[in-house]
Amino acid sequence: MKFLLELWQAAIYFLFPPRCPNCREMVDERYQLCAACEPKILRVDFYSRPPAPLDKVLRVTRYREGSRALLHKLKFDNNLNVVPALKKILNDVSSREEVSELLKGVDFAVPVPLHQERLKERGFNQTEKIFGDWLARKNLSLKNILVRTHATPKLFSLGKAEREKILSGAFAAAEGVDLRGQSVLIVDDIFTTGTTCKECAKVLKDLGAEKVSVLAFAADFDDNLGKQA
Ligand SMILES: [Zn+2]
């Protein structure tokens, strides 16, 4: 039986050799980024000036070509085939010092919620798909304690001031939630202006959360900091 399984796996490997999810170059392990793409995509660093009321913001990748393309497939084409590649990226940075620093003292995680209509349309919350298993392995539960109180248009084409106006008061907590003394981690797929996470953090802090940090799959701090990437 074991022999047959190995034979089957070898056949699959031969017929569908693992390829880099970004450029389709052949790689050793399935869903692995190739040597050329990895340094362009991975960027595990803290935002040097986290916007209040956020205490810390850590990203895993830059919101550029590779990572951006994968996330757009998931969000806008509802293509779940990219999820294993995103999870692999997350797993590969799991033991980094920055990740330990971020998760230290965190009590639980919260996904940025989708509005009911968007959830129905897409069928899943992409943030839960990306982070769910990973958080479970870190012994952190993912609690859906936030809700989106009104549907908002897709934000990617809007500027910071417009986003702030649209998102102000767009989130609320489930009834009876008390977060006094808790340290909460918001997980988000894309962190650009930070407006969404800031609005979520306001609600969490109003409920008593002592600390609210963010783990973003992709972010473009380089732009925010005016640095040349
Ligand atoms: Zn590649």
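Me: Which residue of S7 stands opposite Leu185?
Reply: Strands of a sheet pair through backbone hydrogen bonds, either parallel or antiparallel. Here Leu185 stands opposite Ser213 in S7. This is a predicted model, where local features need pLDDT of at least 70 and side-chain atom pairs count only at pLDDT 80 or more, while totals for chains, interfaces and linings use all residues. Residues are numbered from 1 along each chain as its sequence is written.

Me: What counts as a strand or a helix, and when do two strands pair?
Reply: Both are DSSP runs, numbered from the N terminus: helices are H or I with at least four residues, strands are E with at least two. Two strands pair if DSSP finds at least two bridges between them. Take strand S6 (residues 183–191): S6 and S7 pair in the parallel sense over eight bridges. One of the partners in S7 is Lys211, which bridges to Ser183.

Me: How does the chain get from S6 to S7?
Reply: Through helix H9 (residues 195–206), in a right-handed β-α-β crossover.

Me: Which strand pairs with S7 in the parallel sense over six bridges?
Reply: Strand S2 (residues 56–62) does. Look at Arg62, which stands opposite Ala219 in S7.

Me: In what order do the five strands lie in the sheet?
Reply: The order is S1-S2-S7-S6-S3. The sheet is open and its pairing is mixed. Strand S1 (42–46) and strand S3 (108–111) stand at the edges, each with a single partner strand, so one side of each has no neighbour in the sheet. From one strand to the next, the twist averages 20 degrees. For such values, axes are lines fitted to C-alpha atoms, for helices over the stretch in contact, and angles run from 0 to 180 degrees between N-to-C directions.

Me: Why is S7 largely enclosed by the rest of the structure?
Reply: A residue is buried if 20 or more other C-beta atoms lie within 10 Å of its own, exposed if 12 or fewer, and partly exposed in between; C-beta atoms are placed from the backbone. S7 (residues 211–219) has eight of its nine residues buried, so the rest of the structure largely encloses it. S6 is mostly covered, with eight of its nine residues buried.

Me: How do helices H8 and H9 meet?
Reply: Two packed helices are described by the angle between their axes and the distance between the axes. For helix H8 (residues 160–167) and H9, the axes come within 9 Å and cross at roughly 35 degrees. Lys160, Arg163, Glu164 and Leu167 of H8 make the contact with Thr195, Thr196 and Glu199 of H9.

Me: What should I look for at Pro53?
Reply: The peptide bond from Ala52 to Pro53 is cis, with omega near 5 degrees. Pro53 is placed in the loop between S1 and S2.

Me: Where does Arg24 lie, and what is its phi?
Reply: Arg24 lies in the loop between helix H1 (2–15) and helix H2 (38–41). Its phi is near 70 degrees, a positive value in a residue other than glycine. Arg24 is exposed, with 9 other C-beta atoms within 10 Å.

Note on methods
A crossover is right-handed if, with the strands pointing away from the viewer, the path from the first strand over the helix to the second runs clockwise. Two residues are in contact if their C-beta atoms, placed from the backbone, lie within 7 Å.
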